[in-house]
Amino acid sequence: MKDNTDIDYNKMTHYIIIAIILLAIIVLNYYSFEKHVSSNPSLITNYQPKEDELAIYRTPAVAGLFYANDKAQLDSEVEHYLASLHAGSELQPRILIVPHAGYEYSAVTAGKAYAKLQKFADKIKNVILLGPSHRVALKGVALSSADYFTTPLGKIVLNKDMIARLQANPQFKVNDLAHKDEHSLEVQLPFLQKTLTKFTIIPLVYGDVSPNILAQELSPLLQRDDTLLVISADLSHYNDYAKAQQLDSQTAKLVEQNKPEIADHMSCGATGINAALIIANKQALHPTTLDLINSGDTSGDKERVVGYGAWSFEKKEPKSAPLSKLEQETNNLQQYVASYGKDLLQIVARSLQKAVTEHKSYSPSRKDYADELFNKGASFVTLKQNAALRGCVGTVIPHVAIAQDVAENAYRAAMEDSRFQPVSQAELANITFSISLLTGFEAINYKDAEDLLSQIKAGTDGIIIRDGDRQGLFLPSVWQELPDKEEFMKQLKIKAGINPSYWSENLKVYRFRTVEIKSNEN
């Protein structure tokens with residue numbers, strides 16, 4: 001009789017071989033996943049740039065002297081000063097004039113100005129800080145090379161683009177020594193940190209410079225609705241209480257009348273105030289006096305006092321409409337391209353090279369590129385030879401990593417566009433290409449053909465039309481060849497396989513935007 005416990009070694013060997021094969025498949029799949037492409041769940045249309053990890057910091061110089069050095073205490077004190085004015089303005093301040101003395105003397109006045117920013121915490125993204133130099137004699141305006149200014153409440157990033165723009169004027173030069181111990185700008189930072197959400201600063205310390213030069217350079221920056229100018233200035237110095245009130249009242253009257261006639265003895269920030277008044281006249285900004293006191297009111301000593309005032313300048317006009325979803329996504333894509341555009345161009349170049357020379361597809365690896373290039377996105381890759389179209393293929397809906405999407409579209413544009421023969425090795429050196437990154441889509445609701453044309457924005461909108469199972473798409477770049485709206489739509493219908501004179505109220509029309517990167521512009 002056969003023992004049931006006998007081992008069938010032939011079957012066991014068979015099972016071991018199967019297990020080894022399965023394990024090898026799992027390992028190879030994992031390796032392939034890690035080495036090549038798998039998409040992140042994030043979309044490139046939601047991209048926001050990261051902060052630079054290798055940063056230069058300007059650390060506080062007067063924390064513990066002009067304001068509290070302890071984070072919790074400073075947070076509580078600034079909150080208290082901001083609470084002194086509960087009702088904010090319905091109009092966004094474009095310029096503030098605020099004092100820069102120690103908080104025990106002037107913060108109650110500054111708080112009345114900064115409290116007006118609270119309703120616009122998410123809208124104000126850039127703050128130009130302009131204050132006089134107290135410790136370093138200089139000509140012109142001192143810029144900072146720092147990446148961040150810090151206070152006990154945290155760090156604030158500097159706007160390098162705006163700073164670079166100002167450097168075009170030889171009177172604006174990097175001078176970190178002028179910023180190192182200067183308090184006129186530093187004391188403003190905790191108030192900004194408590195009133196705004198995500199913002200950058202452009203810190204400017206001035207010495208011997210004309211108010212007209214300041215106004216000339218800063219006025220264009222203030223055309224932006226997301227930019228605020230803060231003028232740091234105390235008023236009259238070391239007069240008795242009555243004399244200070246008289247002088248400071250004269251200053252307030254000149255400010256209220258937008259007259260840039262503030263004399264040096266009326267304010268240690270006279271140049272900055274006069275520059276603000278010149279800008280206010282150019283941009284039709286209206287000043288409002290928020291507070292006017294002196295140190296005699298806060299310290300009790302009325303023999304030698306310093307004056308403090310606060311003003312807000314506003315443009316009395318209807319609020320601008322918020323950005324549409326397409327506009328916001330376009331802005332996000334522009335920031336994405338600024339960070340990763342060169343990488344995308346490199347991926348397309350590598351894909352074209354491999355497609356034409358080896359007839360193989362190229363798959364970007366996570367080991368070679370930043371993680372953000374594996375966020376999902378939709379793109380078109382367009383090839384040109386001597387300015388003539390040589391291939392164009394794309395995707396409409398984000399479904400894979402943008403790195404893989406542009407690589408695949410480059411291959412298909414070179415080898416599989418049915419309108420052209422595959423690109424040859426001889427042609428490759430003369431091929432230029434562009435990448436169009438697509439936003440999402442927005443349906444256009446219209447009454448009739450005329451209404452549809454009136455809603456389409458020539459030169460800006462990419463358009464998709466659908467009728468049943470027929471569909472056509474034109475990128476915004478097509479407007480360069482078809483600038484007339486009617487002709488644009490006729491040609492789009494032809495592309496979709498629809499008679500150009502065909503019309504139906506059931507025709508579905510969608511708009512989108514693109515951000516384009518060109519190989520011959522980088």
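**Notes on the predicted model**

1. I17 counts as partly exposed, at 47% relative accessibility (buried is under 20%, exposed over 50%, partly exposed in between, with a 1.4 Å probe and protein chains only). You'll find I17 in helix α1, residues 9-35 (helices are DSSP runs of H or I with at least four residues, strands are E runs of at least two, and both are numbered from the N terminus).

2. A word on the basis: this is a predicted model, where local features need pLDDT of at least 70, side-chain atom pairs count only at pLDDT 80 or more, and totals for chains, interfaces and linings use all residues. Residues are numbered from 1 along each chain as its sequence is written, and side-chain values use heavy atoms, leaving out hydrogens and water.

3. Now for the core. The largest nonpolar core has 81 residues, and Y114, V127 and L204 have the most contacts inside it (a core is a set of buried Ala, Val, Leu, Ile, Met, Phe, Trp, Tyr and Cys residues joined through side-chain atoms within 4.5 Å). Its largest share, 8 residues, comes from helix α10, residues 270-282. Apart from that core lies another of 38 residues, including L333 and Y340.

4. Two backbone spots to look at. H359 isn't a glycine, yet has a positive phi of about 55 degrees; H359 sits in the loop between α12 (325-358) and β13 (379-385) and is exposed, at 54% relative accessible area. A387, also not a glycine, has a positive phi near 70 degrees. A387 is in the loop between β13 and β14 (388-394) and counts as exposed at 69%. Most residues other than glycine have a negative phi.
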